[in-house]
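Thank you for asking for a reading of this model.

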Amino acid sequence: MVTKRQYIEYLLHTPINYTGSNLANHLEQVSHDAVSDYLAREKATARQVWELAKEVIKDDLKSYLIVDDSVQDKRYSRKIELVKNQYSGAEHGLVNGIGIVNLVHSDGIDFAPIDYRIYAPGQDGKTKNEHFRDMLIKAKTDKGILANTVLFDSWYGSVENIKLIHRMGMQFITTLKENRRISLSKEGGYIHLEEIVWTKEQLRYGVKIRLQEVPFHVLLFKLVAPDGNIDWVITNCPEKISADLIQQENKVRWHIETMHRELKQLTGIEKCQARIARSQRNHISYCYQAWFALKRQAKVMGKTVYALRNELFTEYLKAMLTKPIIPVFHLSL
């Protein structure tokens, strides 16, 4: 018999191997089949993740909702359900994997996932952008989230998404692709971003533009990094806002990248080898729940999640250096 507590604590404490067979090998009187049956039988969902998140987030009108997706790399898998060939930002190309669209809450300092969706168009017929809109609506209507600013990159900067956020009375900050066409005036028609001639005032406070098929003006900012890279950022903020503040708020979006990295490196979210979709879904939910445990304990101890995880093996290493199980063979002094 395997329990939810055992499975999540296994994810938190195993050093490398996150497979069900490895868990069975370290539990008394538990077979690999028992672990497989457990994963296939349970129904762990994003709702359980929300139940943890609502206890720790600090939500108000100044908070943020961040949307992005992450691909769980399964490039060597051939028979795992939910795996499909898709673009991975981490790999800058196509990989076989399980896509997850995440909705993360941030107060500007602390952050936590409040919802996620498995990208499985073969099962539910939904695009990543449709998952984005579903989660955003439910965050406001079902969860009662107060956060009023939505952060996302150009992948989610579709007309439908922008119009929905504006219609909901929320603010968005997002990037534009370089080939996006904009209009400065009716007379000038639509032009490419590179064609805009910027004044010092516009570089500081943005320029009012129209996007094709978007029935309201947005502010466009040209943010130039020290290395010369340019981010084209737009917002529907109704008040006068500076480029410095836009850049500061846009940086909050990287909280979701931090979460993606922590999930992959510390919970084994990519490592489940179960073939059926239900098992993969359960494993993914338990990895989010393991992440919450790591974050909570790290905060209590005043450490990073990486330091906390690494220190689990410190006492073992000390013991092995004092009295090694495998001594050096035929050492020449």
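How are helix 10 and helix 11 oriented to each other, roughly parallel or roughly perpendicular?

1. Please bear in mind throughout that this is a predicted model. As for the question above, helix 10, which covers residues 254-266, packs on helix 11 at an angle of about 100 degrees, and their axes lie 10 Å apart. Angles from 65 to 115 degrees count as roughly perpendicular, and helix 10 and helix 11 are therefore roughly perpendicular to each other.

2. The residues that make this contact are Met259, Glu262, Leu263 and Leu266 on the side of helix 10, and Cys287, Tyr288, Trp291, Leu294 and Lys295 on the side of helix 11. Sorted by class, the contact of helix 10 with helix 11 holds seven nonpolar residues and two charged ones, with no polar residue.

3. Helix 11, residues 277-301, also packs with helix 1, residues 4-13, at an angle of about 65 degrees and with the axes 9 Å apart. That angle makes helix 1 roughly perpendicular to helix 11, and the crossing of these two helices is right-handed.

4. In this second contact, helix 1 brings Lys4, Tyr7, Ile8, Leu11 and Leu12, which meet His283, Tyr286, Cys287, Gln289, Ala290, Ala293 and Leu294 of helix 11. Nine of the residues in the contact of helix 1 with helix 11 are nonpolar, two are polar and one is charged. A reader tracing helix 11 will find Cys287 and Leu294 listed in the contact with helix 1 and listed again in the contact with helix 10.

5. By class, the lining of the largest pocket divides into six nonpolar, seven polar and nine charged residues.

6. The second largest pocket holds about 540 Å³ of space. This pocket is lined by 22 residues, of which Val56, Phe111, Lys295, Arg296 and Lys299 lie nearest its centre. Strand 4 (111-119) and helix 11 are the elements that give two or more residues to the lining of the second largest pocket, and helix 11 provides the largest share, nine residues. That lining divides into 11 nonpolar, three polar and eight charged residues.

7. One residue links two of these points: Lys295 of helix 11 takes part in the contact with helix 10, and Lys295 is also among the residues nearest the centre of the second largest pocket.

Key: Residues numbered from 1 in each chain as written. Predicted model: local features only at pLDDT ≥ 70, side-chain atom pairs only at ≥ 80, totals over all residues. Heavy atoms only, no water. Axes fitted to C-alpha atoms, helices over the stretch in contact; angles between N-to-C directions. Helix = DSSP H or I, 4+ residues; strand = E, 2+ residues; numbered from the N terminus. Parallel < 35°, antiparallel > 145°, perpendicular 65-115°, else oblique. Left-handed = near helix turned anticlockwise from the far one by under 90°. Contact = heavy atoms within 4.5 Å. Nonpolar A, V, L, I, M, F, W, Y, C, P; charged D, E, K, R; others polar. 1 Å grid on protein atoms, 1.4 Å probe; cavity = no way out; pocket = protein on both sides within 12 Å on 5 of 7 lines; lining within 4 Å. Points joined across faces, edges and corners; volume = space filled by probe spheres on them.
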